[in-house]
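Please look over the sequence and the model before reading on.

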Amino acid sequence: MGATLKDATAIAGIGQTPFAKRLQDSEKTLACRAIVAALDDAGIAASEVDAFASYTMEETDEVETAKAIGAGDVTFFSKVGYGGGGSCATVAHLAAAIATGQAHVGVAWRSRKRGSGPRPWKNTQVQLPTPGQWTRPFGLLRPADEIGMLARRYMHEYGATRDHLFNVALACRNRANQNPAAMMYDRPLTREMYMTARWISEPLCLFDNCLETDGALACVLVSAERARDCRHRPVYVHSAAQGLPAQHHGMVNYWNDDPLTGPAWTAARQLWKQADFGPQDVHVAQIYDAFTPLIPLSLEGYGFCGRGEGAAFTEGGALEIGGRLPLNTGGGGLSEAYVHGFNLITEGVKQLRGTSTAQVPGAATCLVTAGEGVPTSALLLRS
Amino acid sequence: MLLTPVVDDDGAPFWEYAARGELRVQSCADCDELRFPPRPCCPHCQSFATHWQKMSGRGRIWSYVVPHPPLLPAYADLPGYNAIVVELADAPRIRLVGNLVTAADAPLNSVAPDRLRIGAPVKAVFHTPPGGLTVPRWVLERP
């Protein structure tokens, strides 16, 4: 048995810009602001940064970013594919690099002007073979349509209802209403608003969809030993995993034996295998929420309940503070900001530092997940 | 204009057969396993030999959505259109995305959304837009 990632590294700093429908700064400027803020939070000089990790969809690259912030010689850099599926993997790749001595101070980041910039699905010039041939001509155009298709089948097979999806939207909105940085801070959500909202792709309505956000976030990863000398209580990367299941199709997982199990199941098996604790020991969860149905699917995938029980799990305030599993305590992609799930990582860190705006008392363990429905990744954090 | 299929090497035979009014699915010439979407080699036996099996064209609706704006303009002009996934009667693991229409050349929104049901039996028809590529569409077996 070689090196293990377990608790070998820790997130020592986090940083973020404001979140809004439209920000003036460029994506590059936003990236630099978030990274500089994260380094300041950690108390580490930019010249010490020698590793970078981000998403393949990230438009700001290592060369420009390193040059702008004044990084030193960089010896590790990595980009992870599949949109929001890559969020946790950016931290996982840095953890592996630092644990194996390839680098010492890593920065992971995501900067995106999805609020004021173009909607990716509107670009009909760039088409991957699968959507281009097998789905787009039939008007299955957007991520909401692709996930709506799985959601309808899920509701049919397991008796899930729109009320279950509302439970997810409401929990996220309630937390956003506690978080002054959230885009939906001053906008409460009611069941009536949800049930009368306009459709985006039936069975999904407006409130089943994440926000469109301009903003950037970053975190700084170092060895556990180094983290103990930094400004804040270390948040250890206890376990990390990626997941690409056999015969999986990103977003349009209609072409295998069991379309309602996805990458979460694969990532979860690896995640828990490496961990000292299980789902019942998770105090708070930050689960990728580009669309509400991803939550019941992920609850099942990560083992919080059985197959087909994810919707019922949301009943009785289970996802609220004080419930069985407080969810997306900054408001998540649905109600804080949608920056490909990076705000879920930073919110996990805030919970384990004890500084969340919706603090779960005594939270010491947190699950953070990346996009379900695409090749994904996940982290178990602990204080 | 509605989007036309962006055909790749692996998918080309599907569209060539569709132009002849045949619904065919790629299978392994050695172990006979069907696979979709088409790809260069068999995930079961790694053979690169393929043939295209003719399907009956019958299936059931596995799931569906009714997309609403914001949409691409050509689709926004067809309010209440549906996108469905059909599981094939001959091979239920093979599921095709398509549209439920009242007839091969009817508009994409020709079936009222409240007529859509998971499990409804459907059969393939073939639509060739002017100057475009033939695509399979689906009509209810019992309209």
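How many residues does the contact take from chain B and from chain A?

## Basis of the model

This is a predicted model, in which local features need pLDDT of at least 70 and side-chain atom pairs count only at pLDDT 80 or more, while totals for chains, interfaces and linings use all residues. Residues are numbered from 1 along each chain as its sequence is written, and chains are lettered from A and ligands numbered from 1 in the order in which they are written.

## Contact between chains A and B

Chain B gives 32 residues to the contact and chain A gives 30 residues. Two residues are in contact if their C-beta atoms, placed from the backbone, lie within 7 Å. On the side of chain B that touches chain A, the elements with two or more residues are β3 (58–67), β4 (83–88) and β5 (95–98) of chain B. Strand β3(B) has the largest share of that side, six residues. Helices (H or I, at least four residues) and strands (E, at least two) are DSSP runs, numbered from the N terminus. By class, this side of chain B holds 23 nonpolar, six polar and three charged residues. Here Ala, Val, Leu, Ile, Met, Phe, Trp, Tyr, Cys and Pro count as nonpolar, Asp, Glu, Lys and Arg as charged, and the others, Gly among them, as polar.

β3(B) also pairs with strand β5 (residues 199–202) of chain A, in the antiparallel sense and over two bridges; pairing requires that DSSP finds at least two bridges between two strands. A:Ser201 stands opposite B:Pro67 in β3(B).

## Domains of chain B

Chain B is assigned domain 1 (9–54) and domain 2 (56–143), with bounds that come from an automatic or database domain assignment. Their centres, taken over C-alpha atoms, are 22 Å apart. The contact between them takes eight residues from domain 1 of chain B and nine residues from domain 2 of chain B. On the domain 1 side, helix α1 (residues 12–19) of chain B gives the most, with three residues. That side has seven nonpolar, one polar and no charged residues.

## A loop residue in chain B

B:Pro40 lies in the loop between β1 (24–28) and β2 (50–54) of chain B. Is B:Pro40 buried or exposed? B:Pro40 is exposed, because 8 other C-beta atoms lie within 10 Å. The cut-offs are 20 or more such atoms within 10 Å for buried, 12 or fewer for exposed, and partly exposed in between, with C-beta atoms placed from the backbone. Leaving aside neighbours within four places in sequence, B:Pro40 is in contact with B:Asp10 and B:Phe48.

## Chain A and the largest core

Chain A contains 13 helices and eleven strands. Its radius of gyration is 19 Å, close to the 21 Å that the globule rule gives for 383 residues, so chain A is as compact as a globular protein of that length. The radius is taken over C-alpha atoms, and the rule is 2.2 Å times the number of residues to the power 0.38. Of the 383 residues of chain A, 61% count as buried.

The largest nonpolar core has 157 residues, of which A:Val91, A:Cys219 and A:Val220 touch the most other members. Such a core is a set of buried Ala, Val, Leu, Ile, Met, Phe, Trp, Tyr and Cys residues joined through C-beta atoms within 7 Å. Helix α3 (residues 87–99) of chain A supplies the largest share of this core, nine residues.
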